[in-house]
Amino acid sequence: MNEHPIPSKAEVAVVLVAAGRGLRAGRETPKQYVPIGGRPLLSHTLDALAALGAPIQPVIAAGDEDLYGLALASASPQARPLCRPPVHGGQTRQASVLAGLEALSASGGVSHVLIHDGARPRPSARLLASAVEAARLHKAAVPGLHVTDTIKQIDENGIIAATPERGRLRAVQTPQSFAFDLILAAHRNANKEKVQDLTDDAAIAEWAGHKVHVFDGEPSNVKVTNPEDFARMDASLLAALPDIRTGQGYDVHAFGPGDHVWLGGLKIPHERALVGHSDADVLLHALTDAILGALGDGDIGSHFPPSDPQWKGAASDRFLRHAVDLVQRRGGMIAHLDGTLICEAPKIGPHREAMRARIAEICALPIDRIGVKATTSEGLGFTGRREGIAALALATIRLPVGI
Ligand code: MG
């Protein structure tokens, strides 16, 4: 059967280990879900792994489903379709990796696997390609960095017992890459023999008697661990998006017969309805146009022509999410969305926080990046005569340079 020594891309898969409790980060939320650059750490890792184009098998802790769901929703549109349903990890990292490998084994067809830590958000596409290449050539391989500090081994009293030769030391990272059958068998045997405390997959392969090759890692491929790491990574992610743009949006829909309106993604009882081809949610339309304006990419009508019957009665959250996806496809982020509704009725105040929450959910953004306000027009003009509702919006986005 094994007549194809060079596997195709489709036979490579990634196990993404994200089941840790992250106690070392000194926070309530497990560290892989702590926001950096405006969204969960894990979503950045997913985006980086997407460069490989291979399926990703996430391993998460039981009870973290909602946190994982938010991380997935805030990942790029390139990354989301690559993610298989997550499986639950075990008590140790080793048990979690085995759970991921077993899930891939059950679906079959994987010849080589990369095993990567959820808290390492920035492996480059080049590093991922090197990992695949190394697995093909050596069957077991890990990225390693030369150490610049002199490393000391100490005894139980904190006294230096040995000084290993620095030139032969490597600080090992992930993704670690393996022939799939080799690492699955090694993990299964270690589990059967109750060897449970090995801290990386190279150690499992070594324990099973395999030679593990070391290829060049990357200094930027850091594991985010301490509060200082979070601050540094946060600053570096934002610094990588220096092209800051603002777009505006404006929309109006007229009242017609009905008993509710859609505003800010919420269905609000009212004695009239708003007339439109879609659900006529003026606030979501204005926000969508504001984002498209910041991108310099047409308007809501050019992306979703009213002449197209598929948008008849459509829920406008799709339009807004599409605009957010366009920003993410360009490697950017939404820094802030701010909308103002102009109407005499319905009263917006009682719904304002729910609207912010709904818009945050649609866009997979933290709620503190969403503003919703409302005003009447003091009885003046078409909104004052209760003929319709108007909405204004501003979007601030950040993009990488040179796109
Ligand atoms: Mg509209």
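Trainee: Is Ala-364 buried or exposed?

Mentor: Ala-364 counts as buried, at 6% relative accessibility. Buried means under 20% relative accessible area, exposed means over 50%, and partly exposed is in between, using a 1.4 Å probe and protein chains only. Keep in mind that this is a predicted model, where local features need pLDDT of at least 70, side-chain atom pairs count only at pLDDT 80 or more, and totals for chains, interfaces and linings use all residues. Residues are numbered from 1 along each chain as its sequence is written, and side-chain values use heavy atoms, with hydrogens and water left out.

Trainee: Where does Ala-364 lie, and what is its phi?

Mentor: Ala-364 lies in the loop between α11 and β18 (370-375). Its phi is near 50°, a positive value in a residue other than glycine. Helices (H or I, at least four residues) and strands (E, at least two) are DSSP runs numbered from the N terminus.

Trainee: And what about Arg-386, what is its phi?

Mentor: Arg-386 has a positive phi of about 60°, although it is not a glycine. Its place is in the loop between α12 (381-384) and β19 (388-399). Arg-386 is partly exposed, with a relative accessible area of 47%.

Trainee: Back to α11. At what angle do α8 and α11 cross?

Mentor: At roughly 45°, with the axes of α8 and helix α11 (residues 352-363) coming within 12 Å. Axes are lines fitted to C-alpha atoms, for helices over the stretch in contact, and angles run from 0 to 180 degrees between N-to-C directions. That makes α8 oblique to α11; angles under 35 degrees count as roughly parallel, over 145 as roughly antiparallel, 65 to 115 as roughly perpendicular and the rest as oblique.

Trainee: Which residues make the contact?

Mentor: Leu-283, Leu-284 and Leu-287 of α8, together with Met-355, Ile-359 and Ile-362 of α11. Contact means heavy atoms within 4.5 Å. By class, the residues of that contact divide into six nonpolar, no polar and no charged. Here Ala, Val, Leu, Ile, Met, Phe, Trp, Tyr, Cys and Pro count as nonpolar, Asp, Glu, Lys and Arg as charged, and the others, Gly among them, as polar.

Trainee: Changing topic: what coordinates the magnesium ion?

Mentor: Asp-251 (OD), His-253 (NE2) and His-285 (ND1) do, at 2.2 to 2.3 Å. Donors are N, O and S atoms within 2.8 Å of the metal (3.2 Å for Na, K and Ca), and water is not among the atoms, so sites may look incomplete.

Trainee: How are the donor residues spaced in sequence?

Mentor: The spacing is D-x1-H-x31-H. The two histidines link distant parts of the chain, with His-253 in strand β13 (residues 243-257) and His-285 in helix α8 (residues 282-295), 32 residues apart.

Trainee: Are those histidines buried or exposed?

Mentor: His-253 is buried, with a relative accessible area of 13%, and His-285 counts as buried at 7%.

Trainee: What about Pro-257, buried or exposed?

Mentor: Pro-257 also lies in strand β13, but it counts as exposed, at 79% relative accessibility. Leaving aside neighbours within four places in sequence, Pro-257 is in contact with Arg-272 and Ala-273. The C-alpha atoms of Pro-257 and Ala-273 are separated by 5.7 Å, though these residues are 16 apart along the chain.

Trainee: Next, the prolines with cis bonds. Which residue does a cis peptide bond join to Pro-346?

Mentor: Ala-345, with omega about 0°. Pro-346 has its place in the loop between β17 (333-342) and α11. The peptide bond from Thr-174 to Pro-175 is cis too, with omega near 10°, and Pro-175 lies in the loop between β10 (170-172) and β11 (176-179).

Trainee: Last one: how many residues of α1 are buried?

Mentor: Eight of its nine, so α1 is largely enclosed by the rest of the structure. Among them are Leu-42, Ser-43 and Leu-46, which meet Tyr-68, Ala-71 and Leu-72 in α2. Helix α1 (residues 41-49) and helix α2 (residues 65-73) pack at an angle of about 50°, with their axes 8 Å apart.
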